[in-house]
Amino acid sequence: MLKAENLSKRYEGSTALSDLNLEVNPGEIYCLLGANGAGKSTTIRLFLNFIQPSSGRATVDGVDVTKAPLETKKVLAYIPEQVMLYPHLSALENLEYFAALAGHEHYSRKELEAFLLRSGLQADAHAQRVSTYSKGMRQKVGIAIALAKRARALLLDEPTSGLDPEASNEFSGLLQQLRGDGVAILMATHDLFRAKELGSRVGIMRRGLLRAELDPSTLGHADLERIYLDHMHD
Amino acid sequence: MAPMRRILTHEVRGLFADRIVWISAVAVVLLSGYAVHVGARATEAHRGQVATAVAEEAERYILLRAAMEEVHAGNASPSAFQDPTRPYVAGRGRGQRYAVLPPTSFQASAVGQSDLFPPVVPVLLDGADPRSTREEIENPVHLLSGPLDLAFVVTFLLPLLALALSFDLLSREREQGTLGLLLSQPISARRLTLAKLAARWGLLFLLTAGAGGLAFVLLGGGLTPDRFFLWAAIVGGYLAFWMGLAAVVNVTGRDSSRNAVALAFLWLVFVVLIPAGVQITAALVHPVPSRAELVALEREEVRQVQEQASAVLAQYFDDHPELLPEGSVDAVDFQTRAFAVNQEVRSRLAPVRARYRERLEAQREWIQTFRWLSPTILTYEALVELAGTGDGRMERFEGEIEAFHAEWVAFFEPLIYGNRRLAPEDLDRLPSWRFDEEGDREVWAAVLPGLLGLLLFAGGALGSALGLLRDGGDRRWTP
Amino acid sequence: MLRAIVRKEVRETVRDGRFRWGAALVGLLLFLSLAAGFAHRKEVERAHASAQAMSWAQWLEQGDKNPHSAAHYGIYVFRPVSSLSFVDRGVDPYMGVSTWLESHYQNPFENRAVQDTPALARFADLTAASTLQLLVPLLILLLAFRSFAGEREQGTLRQLLSVGVNPRRLATGKVLGVGAALAILLVPAAAVGALALLMAGPGGGATGDEGLRYILLLATYLAYFGIFTALAIGVSALASSSRTALALLLCFWIGNGLLAPRIASDVARSQVPLPSSLEFQAGIQADLSQGFDAHPPRELRQQILRDSVLAAHDVADPAELPFNFAGLSLQSGEDFANLVFDRRFGALGRRVEEQLELHRRLGLLAPHLSVRSLSMALTGTDPAHHERYAGAAEEHRRLIQRILNEDIMANSRFGETYIADGSLWARVPEFEYQGPGIRWSLAGQGTAAAGLLVWLLLGAILTRVGATAVARRA
């Protein structure tokens with residue numbers, strides 16, 4: 001579903017990403033681990049065509065994102081570290097707007113509410129302005145936007161950082177559900193625990209290079225941490 | 001185009017939630033209304049001056065006719081200086097005509113030059129110069145301040161309001177964090193920007209045109225539909241330029257406050273600096289000589305011509321022997337002599353006077369050439385021409401006065417040299433003033449090039465913003 | 001500690017691209033407009049001096065004629081330009097440059113420079129004064145609106161206050177920092193201005209009066225810039241974000257510099273209306289022919305004069321008087337007309353002055369009005385200075401009439417055709433105008449100065465309040 005082929009991004013004098021090759025299939029969660037500046041966000045931004053690759057290509061469902069950005073964005077959903085919404089609008093209104101932009105203008109209010117409920121947002125919060133929302137609540141609206149869009153691939157940029165354990169756990173549950181629905185998920189994170197728990201595969205990045213690709217089911221928590229630190233220190 | 005409409009409605013809703021928008025809206029409405037009020041009052045004063053002059057002239061003519069009848073009936077024998085049947089007397093003070101410039105139907109929209117030049121210019125044998133006619137009494141500090149008319153509101157303030165609404169067109173989305181989510185949707189950045197601009201442009205345009213139009217209907221004495229249409233087109237084009245400029249700055253700039261500062265500087269450059277630069281260079285390249293020296297020069301000419309008065313008269317009667325009075329040139333009376341001297345001085349000074357107009361015309365040409373540097377100049381010139389208070393109509397007025405004065409002199413010349421007397425019924429044959437008003441076609445011709453230039457500017461700004469937004473290539477504005 | 005704050009502010013400002021661009025732009029404009037003003041002043045001075053010399057020569061060389069004909073021939077006088085008008089030319093372009101001193105009438109000044117300019121000139125009037133009054137304040141606002149709000153948004157404010165900086169001292173430091181950065185721009189401009197002043201005087205040097213005017217002019221503008229600096233920093237401290245601070249400050253700038261002068265004019269016009277030119281002239285004509293108050297109409301006046309003079313000399317016919325009655329009659333006509341002119345022009349002048357005082361009072365709402373009034377007064381280019389010149393010219397006109405009429409009285413006989421010798425004209429002194437001293441110039445400016453001080457105080461209070469609030473809201 002999501003595929004990077006020799007994907008590289010160089011800025012003047014520095015390399016943000018070099019020759020990344022990875023593939024995320026439907027029903028898979030691929031966790032990218034790495035320190036700040038390792039190239040995780042760059043990868044996600046390349047998939048979203050926010051920036052242009054220096055070489056190589058990123059494809060979504062076989063389509064090069066630089067060739068047909070609007071086509072590929074129909075398939076993608078993006079949840080940034082901070083899901084920021086229009087503060088003067090309610091969750092429902094925000095959802096309606098983003099769904100409309102994604103080409104789904106046909107949703108009834110009931111359907112939209114159903115997406116919010118499925119994302120775990122309490123019904124009494126739907127009509128509140130999002131300026132009063134906590135980070136976790138906004139994250140849920142982000143998921144609802146992805147659901148409403150019927151996205152087949154999800155790009156997450158450190159979605160759980162700053163969430164309290166309970167919210168984080170709830171969020172993981174939601175991702176599990178999406179995976180169950182056959183969505184391909186690429187998630188950049190610092191959270192080794194979540195990566196171990198959720199990931200179908202885990203990639204460790206450092207200085208723009210994908211250093212290792214692991215199957216977390218074969219490892220314990222301590223093993224993952226040890227391998228990660230090994231890669232960070234040599 | 002469903003999403004486009006959706007973005008538009010979303011933006012409008014967002015705008016209505018913004019305090020700055022409400023403040024701007026109130027400002028637009030209040031300022032437009034006040035400005036039209038100011039313009040309407042100035043127009044009213046103008047109309048009053050014209051009416052007073054016309055009434056005074058009519059009354060003076062009744063008295064003149066009566067006085068002439070008295071003389072003819074032999075009931076009065078005034079001195080040569082008072083005798084109304086003498087053409088030299090009738091052609092100067094007592095029978096002088098007023099060249100009047102009537103206000104246009106759209107004059108309340110721009111005061112322009114109308115507060116500097118009197119709309120009523122006496123035309124008498126000695127001359128008729130609108131630029132040195134005694135002006136209305138006015139506090140010079142008020143002239144220095146300039147009027148708060150609609151042209152000022154549109155050219156100076158409207159851009160500031162447009163910028164207040166659009167300086168954070170994209171930067172705000174980035175700063176509140178919604179830009180990433182927004183651009184991860186299958187919607188192109190161009191279309192997004194275009195929709196955002198359209199919402200703001202539409203809001204401000206409707207407010208300005210609506211408030212302006214309403215104020216005209218209520219205060220300005222009604223609307224002239226085609227002029228209002230042109231006015232609205234100018235306003236729309238000018239607004240579009242500033243919106244486009246805000247978009248360019250948003251695409252190339254960074255945070256909102258930097259954008260605001262950059263746009264404030266651009267405002268300064270386009271609204272203040274370029275117009276001032278064009279004006280100052282025009283005055284440097286084509287300086288108008290000081291009128292002070294003309295005053296003294298004129299006296300010098302009068303002295304010289306007076307010394308040669310006999311020769312001047314002899315020359316005239318050589319050309320028109322049929323008018324030569326009994327006896328000789330020396331028998332010519334004082335008035336004929338004075339008239340001849342005056343005519344000769346005028347013709348000698350004609351090239352000097354012409355230089356003032358030539359220089360002024362050269363300045364205007366310079367401005368016409370360089371007005372393409374700033375949409376503000378284009379807008380201002382178009383607005384004053386549309387109102388009929390700009391240089392174009394002023395020049396037309398001057399030209400017609402000159403022609404009328406020539407006609408006036410031509411009427412009296414044979415009468416004076418022939419030493420003839422006027423009969424009361426001759427008053428009906430005197431040339432009378434009628435201002436040959438600009439036709440609609442001429443107004444359109446004066447305004448359209450500027451409007452076109454304005455649209456080019458707007459198109460250029462929008463085009464470069466959209467060009468910079470082309471998908472592909474990293475952009476500073478991306479999340 | 002204060003020095004450290006100021007140093008940091010200056011360093012930050014000078015490194016800021018906005019300051020560099022803005023200061024370069026404003027600096028360039030200031031120098032160019034000063035240079036243009038200087039050249040313009042020199043040219044006008046030359047043209048007026050040469051025209052006046054020509055007119056005087058014409059007067060002297062008019063040959064033998066009747067003195068009253070000479071009185072009608074008259075002299076033209078041309079307004080001199082003040083030496084500081086290169087900084088602020090005030091209402092100069094809007095006032096006529098010449099007037100004709102002839103018998104019977106006080107003529108208005110004619111030939112306004114602004115009449116020989118295209119429409120754009122009104123719109124785009126960029127002078128040293130408008131640069132100082134409008135553009136420098138804009139530069140200050142754009143420099144200072146982020147001073148507190150920006151630091152709060154960056155998070156450095158909290159850091160600063162956590163170190164234990166006294167917020168008031170911080171605010172003072174910021175004000176001084178903006179001032180120091182501006183000094184880079186303004187000190188050279190002031191020096192150039194001083195140099196230009198030294199070169200402007202006819203003798204190549206400035207008088208003490210001019211020097212004092214220049215110093216006070218600098219102080220006035222310094223106070224004006226101080227107001228903007230203090231306001232900008234106060235608002236920056238109180239506003240919820242730098243965006244709001246900028247919006248508020250720009251609104252103030254627009255209201256103060258662009259709207260206030262226009263609205264003040266409008267208010268003055270409707271509160272203190274001036275007569276129309278036609279009404280005014282008709283009033284003078286009515287006074288002259290019908291008299292006013294206890295003064296009888298023209299014919300009666302002439303009758304009374306004749307009767308009283310004849311009675312006083314105990315003769316029956318004017319021809320028997322020891323002097324030419326025609327001269328006395330002419331002078332008496334002048335004397336009466338002078339009463340009318342004093343009364344009518346005086347009333348008009350008072351109304352204009354009332355309007356101007358209204359402008360100065362409104363300066364309490366918008367300091368631009370105060371600074372404009374003070375600047376024009378100090379540079380000698382406000383309506384009051386023009387009025388004073390017009391008064392001096394009128395006095396001279398009256399002097400000419402008196403000399404000529406007395407000559408008629410003394411040297412001719414009633415009823416004869418009198419041709420005076422051409423040497424008589426030289427007995428009329430040449431018109432020389434001495435500009436007023438600074439004390440006179442500033443006499444009416446109390447309200448304006450008070451307005452400026454009130455705003456300075458307001459700015460200081462706002463900065464203080466802002467600094468206190470910053471400590472609570474960091």
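Contact means heavy atoms within 4.5 Å. The model is predicted: local features need pLDDT of at least 70, side-chain atom pairs count only at pLDDT 80 or more, and totals for chains, interfaces and linings use all residues. Residues are numbered from 1 along each chain as its sequence is written, chains are lettered from A and ligands numbered from 1 in the order in which they are written, and side-chain values use heavy atoms, with hydrogens and water left out.

**Exercise 1.** Describe how chain B meets chain A.

*Solution.* 
- Step 1: Start with the residues. Chain B puts 28 residues in contact with 30 residues of chain A.
- Step 2: Take the area. The two chains bury about 2,700 Å² between them, 60% of it on carbon and sulfur atoms. Buried area is the accessible area (1.4 Å probe) that two parts lose on being put together, summed over both.
- Step 3: Find the top contributors. Arg6(B), Leu181(B) and Pro186(B) supply 24% of the area that chain B buries against chain A, more than any other three residues.

**Exercise 2.** Find the salt bridges across the interface of chain B and chain A.

*Solution.* 
- Step 1: Apply the rule: a side-chain nitrogen of Lys or Arg within 4 Å of a carboxyl oxygen of Asp or Glu.
- Step 2: Count. The rule finds two.
- Step 3: Inspect one of them. Glu93(A) pairs with Arg13(B), and their closest N and O atoms are 3.3 Å apart.

**Exercise 3.** Compare chain A with chain C.

*Solution.* 
- Step 1: Check for touching. Chain A and chain C do not touch.
- Step 2: Read the gap. Their nearest C-alpha atoms are 16 Å apart.
- Step 3: Of the two pairs of chains in contact, B and C share the most contacts.
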